[in-house]
Amino acid sequence: MQTSQQHQNTAILMLHHQPMKKIDPYSSPHFQILENSVCPDTGSQGKNVSFQTYKEEFFTLESTPVNDGFIACDSPSAVSGLSNRSPFSPQVSHSYSSDHHHHFSDTTPGSPVSGCSGVDDGNDLKYKLRELEVSLLGPESDIVDSHYCCYKSDTTRWSEKEIAEMIPKLNLKNVLIRCAHAISEEDMYTAANCMEVLGHMVSVSGEPMQRLGAYMLEGLRARLEKSGSMIYKTLKCEVPTSEELMTYMSILYQICPYWKFAYFSSNVIIRQALLNEPRVHIIDFQIAQGSQWIPLIQDLACQPGGPPLIRITGVDDTQSNHARGGGLHIVGKKLSEAAAKYNVPFEFNAAAMSGCEVDLENLRIQPGEAIAVTFPYVLHHMPDESVSTENHRDRLLRLVWSLSPKVMTLVEQESNTNTSSFYSRFVESVDYYTAMFESIDAGCPRDNKQRISAEMHCVARDIVNMIACEDAERVERHELLGKWRSRLMMDGFTPCPFGPAGIGEIRNLLKDYNENYRVEEVDGALYLGWKKRALVTSSAWRCALIN
């Protein structure tokens with residue numbers, strides 16, 4: 001074998017897919033939410049959650065069979081080598097930091113575990129890497145015994161034929177992660193080689209991992225080009241019209257339950273908190289189209305003693321404004337007409353501004369109102385202390401606390417991307433969005449062009465922003481529920497559990513969707529998951545009593 005060929009093949013030799021044993025990743029019906037940690041922070045305990053088994057097999061990152069020859073690193077902590085033990089091991093204590101991941105993981109002895117496949121130290125890792133090099137290149141290979149080799153920039157690139165022969169041996173997830181690591185280490189030659197190969201592996205109309213890979217590749221390119229803030233230029237597509245964007249949003253709303261879960265779970269507990277109140281004021285920090293409040297208006301219209309006076313304050317965002325084709329007056333008109341239909345006294349207060357700009361006077365609070373506040377997938381957009389000294393995230397929470405609301409609801413993605421480094425954030429995003437794209441795939445034919453457009457305009461934007469942007473330009477800053485819990489309690493809130501009746505109503509919501517969606521209650525909060533992966537949490541809060 002020629003030296004140049006050795007260099008070409010080893011530029012991504014760590015990405016080769018080795019033969020594996022056939023194992024059943026779903027051999028046990030018991031899963032566990034884990035908050036794994038490699039940091040010495042104190043935090044909440046891991047929680048056990050049992051689910052029903054499910055029939056059809058879709059592999060997510062947690063459920064992919066463990067590769068015998070490749071050290072498959074699905075965890076930022078595992079890849080970084082910062083820990084001397086696997087944080088996913090069933091023998092490890094379940095006391096973890098609140099800012100590390102919740103997993104639905106199978107802890108049955110003998111079953112595959114999430115994350116790295118049992119490599120405990122750097123020497124073992126190097127040994128296995130050397131084994132892999134020998135198996136691919138033969139014992140005469142002169143490649144150094146290291147995972148993170150750097151290659152000369154004048155080495156010849158692969159030919160189209162070589163790439164075509166190489167791709168069947170590669171695992172797309174591993175190539176993506178290797179590329180991200182190379183970028184994080186400023187190894188531009190390896191990154192360029194990986195991106196060249198990735199261009200032949202991804203497809204916006206392919207399998208879930210191929211579609212996700214297409215958008216993650218664009219995010220990586222945007223990061224290198226420092227064009228992450230120019231989302232549509234990066235994605236090489238035109239800004240959709242208002243009508244088109246509304247159509248795309250509606251498609252995702254119908255085929256997967258994430259937004260319905262957010263709205264329905266919030267409505268259930270807000271209805272309970274406001275029952276029999278004569279004057280209610282709902283403050284929605286992401287009003288969007290406003291249709292989510294029509295069922296609640298209808299429910300409150302039927303309460304004993306007659307309907308209350310309902311006031312709704314809607315905070316706007318630019319994407320919803322564009323999708324509506326106009327300002328908040330459209331939402332106000334729609335809700336006013338619905339309230340009139342059910343003979344409910346109604347007022348609408350438009351707060352056409354970013355949540356970061358909202359202050360007390362914008363809310364127009366009136367005496368005697370029973371207040372409910374909701375943050376549906378929006379509080380993570382508010383920059384915290386890691387981004388700005390203004391810390392709008394805590395500022396808004398303290399503002400809400402000052403209103404003494406009957407209840408505040410928070411719905412967020414169960415993902416850890418706020419303060420993570422680029423590489424850890426990338427691995428986390430691969431994990432999270434693999435499960436999400438699989439769930440979307442189960443709800444709509446793979447070749448549906450509108451579904452492809454919906455993913456591009458409604459999901460890919462978030463992915464590119466998380467991968468390509470930093471500092472204030474990165475607005476996608478998700479937190480895990482454990483971290484939200486810590487923040488909310490420091491800001492004066494205490495959990496307000498969903499009651500059994502409300503949880504039953506929310507479970508019924510999933511009857512219209514694929515059987516692999518699951519909802520479970522943990523410490524009063526609700527987790528919506530796809531198979532082994534928790535994707536969304538819904539929690540409710542009230543002001544803590546001050547002694």
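I take buried as under 20% relative accessible area, exposed as over 50%, and partly exposed as in between, with a 1.4 Å probe on protein chains only. By that scale Lys333 is exposed, with a relative accessible area of 52%.

**Ground rules**

I am reading a predicted model, in which local features need pLDDT of at least 70, side-chain atom pairs count only at pLDDT 80 or more, and totals for chains, interfaces and linings use all residues. Residues are numbered from 1 along each chain as its sequence is written, and side-chain values use heavy atoms, with hydrogens and water left out.

**Overview**

I looked up the totals. The protein has 547 residues, and 58% of them count as buried. Its secondary structure comes to 20 helices and 12 strands. I number both from the N terminus as DSSP runs: helices are H or I with at least four residues, strands are E with at least two. Contact here means heavy atoms within 4.5 Å. Among contacts with a separation of 6 or more, 79% are between residues 24 or more positions apart.

**Cores**

Next I looked up the nonpolar cores. A core is a set of buried Ala, Val, Leu, Ile, Met, Phe, Trp, Tyr and Cys residues joined through side-chain atoms within 4.5 Å. The largest one has 93 residues. Leu220, Tyr258, Phe426, Tyr433, Ile463 and Val536 have the most contacts inside it. Helix H16 (residues 422-441) gives the most to this core, with 11 residues. A second, separate core has 31 residues, including Phe375, Leu481, Tyr527 and Cys543.

I then checked Phe426. Leaving aside neighbours within four places in sequence, Phe426 is in contact with Leu176, Ile177, Ala180, Met216, Leu220 and Ile467.

Val536 counts as buried, at 1% relative accessibility. Not counting residues up to four places away in sequence, Val536 touches Tyr258, Phe261, Tyr377, Val411, Glu412, Gln413, Glu414, Tyr432, Leu526, Tyr527 and Leu528.

**H7 against H16**

I looked up how helix H7 (residues 208-225) sits against H16. Their axes come within 9 Å and cross at roughly 150°. Axes are lines fitted to C-alpha atoms, for helices over the stretch in contact, and angles run from 0 to 180 degrees between N-to-C directions. On the H7 side, the contact residues include Met216, Leu220 and Arg223. On the H16 side, they include Phe426, Tyr433 and Asp441. By class, the contact has 11 nonpolar, two polar and five charged residues. For these classes, Ala, Val, Leu, Ile, Met, Phe, Trp, Tyr, Cys and Pro are nonpolar, Asp, Glu, Lys and Arg are charged, and the others, Gly among them, are polar.

**Salt bridges**

I count a salt bridge when a side-chain nitrogen of Lys or Arg is within 4 Å of a carboxyl oxygen of Asp or Glu. The structure holds 24 of them.

- Glu218 pairs with Arg221, the closest N and O atoms being 2.9 Å apart. Both lie in helix H7, three residues apart, about one turn of the helix. Glu218 is buried at 13%, while Arg221 is partly exposed at 28%.
- Lys333 pairs with Glu337, with the closest N and O atoms 2.7 Å apart. Both lie in helix H13 (residues 329-341), four residues apart. Glu337 is partly exposed, at 46%.
- Glu479 pairs with Arg393, at 3.2 Å from N to O. Glu479 lies in the loop between helix H18 (460-468) and helix H19 (481-490) and Arg393 in helix H15 (residues 392-402), so the pair ties together parts that are 86 residues apart in sequence. Glu479 is buried at 2%, and Arg393 is buried at 0%.

I followed that last pair further. Salt bridges that share partners join Asp384, Glu385, Arg393, Asp394, Glu479 and Arg487 into one network.

**Positive phi**

Last, I looked up backbone phi in residues other than glycine. Ala288 has a positive phi, near 50°. It is found in the loop between strand E4 (279-284) and helix H11 (294-301), and Ala288 is buried at 9%. Asn391 also has a positive phi, of about 45°. Asn391 lies in the loop between strand E7 (370-376) and H15, and counts as buried at 11%.
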